Amino acid sequence: EEAKETVPNANYLWINLFATSLNAKGRAALVMANSASDARHSEADIRRKRIEANLISCMLTLPSNMFYTVTLPATLWFFDKAKRDDQILFIDARNIFTQIDRAHREFSDEQIQNIAIISRLHKGRRQEFTRLVDGYFASGMQRLAENAKKVPAVSEQLLEVLDDAAGKEAVKALVRQWKGLEKLETRYEQHQERHAASMNVDAENKAQHQLREAFDPFFTALHEGLKQLDRIVRAHEKQQAEQAQKEGKRGSTDRKTKALKTALEALHEEVKSAELYFQHIAWLQERFPKAAYEDVIGLCKLASPAEVAEQDYSLNPGRYVGVVIEEDGKTEEEFLDEVLGIGEQLRQLSGDAQSLEEVIRRNLSVIAGDS
């Protein structure tokens, strides 16, 4: 009589249920606790059997805090009975997420597409990579065109508030910077015409790299121009406050300045929103510069059955992809602004704490009958 396989726990019962329910071309995916991909003893034997049967096509680690009821990261298991090679694609997506609030994260639609394209590249679907990049270009250009329409109104607000030479020059600089978008729009239209019906992925990928690089100086100048305006507006606001204090008036900032600050903040956010699409393009191009799959340290790795056996049949992507330390992307000025902001918050909180301490001390004195 044939010996029956025992299943050690509910996790592996669930894994086996998926694995044994597939037909000859069946595919499935399931969410599983991270611990299941590394568990030893009988669990390792079950993983070994699934690996030797060439059932597992991909393992993907999720970031922590992706679920409302579970804080620990989970792993996605992908089964494919019709897979053509014997390698397993490991993807570590723990550093890819959008922060919703302090305790929760999610994937944006673009982040999902960026992760999914890794598997498609592995399967040789390179044209889907260039199509995805083209989609990001189209969305980014649309956002920039919408933002450009708002610049004249913001410029008028600036000129109403900033009547000195430095203010006027900063407004002129802002208009010049946005004027540079026209050349980029022309270049983008020419790119579309040349590569609309292109079937040569290598040529299209090279052109996409060149097009994306053309936008770098535009965004750099735009951010610097907006920061310069922020500094001028802050100086203007400080001047207003000092003048109001001298005259003994209440309220330090007039309505026009407040409205201008709101408009500038909105423009900042809209520029960042448009730039995000170009950042997605840069993220993809930096990791897959040839529009073809390759192992990327800290992100993805194709492992053979022999490599998996060396790791005691662990299916934890972290064991295979390695680790890379990424910068936070902040400039020195942004870092200093953040530190100064935290320092100001600390000063305010310390002042509030001293005031509360004094109130508590007085109340205790009253209760004790000392006064």
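**Group meeting: a walk through the model**

Hi everyone, let's start with a pair of strands: strand 5, residues 98–101, and strand 6, residues 104–106, run antiparallel and are joined by three bridges. Please keep in mind that this is a predicted model. The two strands make a hairpin, with two residues between them. If you want to find the pairing on screen, look for Thr 98, which stands opposite Glu 106 in strand 6.

Now let's step back to the whole chain. Its secondary structure comes to eleven helices and seven strands. How does the radius of gyration of the chain sit beside that of a compact globule of 371 residues? The chain has 28 Å, whereas such a globule would have a value near 21 Å. Along the principal axes, the C-alpha atoms fill a box of roughly 100 × 80 × 30 Å.

A few totals go with that picture. Of the 371 residues, 38% count as buried. The chain exposes about 22500 Å², and carbon and sulfur atoms supply 52% of that area. On contacts, take the ones between residues at least 6 apart in sequence: 73% of them join residues at least 24 apart.

How many disulfides does the count give? The count comes to zero. Let me go through the reasoning with Cys 58. Its closest cysteine sulfur is the one in Cys 300, and the two sulfurs are 9.6 Å apart. A disulfide here needs the sulfur atoms within 2.5 Å, so that distance is too far for a bond.

Let's move on to Thr 75, which lies in strand 3, residues 74–80. Thr 75 is buried, with a relative accessible area of 0%. What does its side chain make a polar contact with? The partner is the side chain of Asn 34, at 2.3 Å.

As a reminder, most residues other than glycine have a negative phi. Asn 54 is not a glycine, yet its phi is positive, about 55 degrees. You will find Asn 54 in the loop between helix 2 (42–52) and strand 2 (56–61). Tyr 313 also has a positive phi, near 60 degrees. Where is Tyr 313 found? Its place is the loop between helix 9 (305–310) and helix 10 (318–321).

My last stop is Ala 214, in helix 7, which covers residues 201–246. Which residues is Ala 214 in contact with, leaving aside neighbours within four places in sequence? Those are Leu 184 and Arg 187. Arg 187 and Ala 214 are 27 residues apart along the chain, and their C-alpha atoms are separated by 9.1 Å.

Conventions. Residues are numbered from 1 along each chain as its sequence is written. This is a predicted model: local features need pLDDT of at least 70, side-chain atom pairs count only at pLDDT 80 or more; totals for chains, interfaces and linings use all residues. Side-chain values use heavy atoms; hydrogens and water are left out. Two strands pair if DSSP finds at least two bridges between them. Helices (H or I, at least four residues) and strands (E, at least two) are DSSP runs, numbered from the N terminus. The radius of gyration is taken over C-alpha atoms; the globule rule is 2.2 Å times the number of residues to the power 0.38. Buried means under 20% relative accessible area, exposed over 50%, partly exposed in between (1.4 Å probe, protein chains only). Contact means heavy atoms within 4.5 Å. Accessible areas come from the Shrake-Rupley method with a 1.4 Å probe; for residues, only the protein chains shown count as cover. A polar contact is a pair of N or O atoms within 3.5 Å; within protein, one must be able to donate a hydrogen and the other to accept it, and residues adjacent in sequence count only if both atoms are side-chain atoms.
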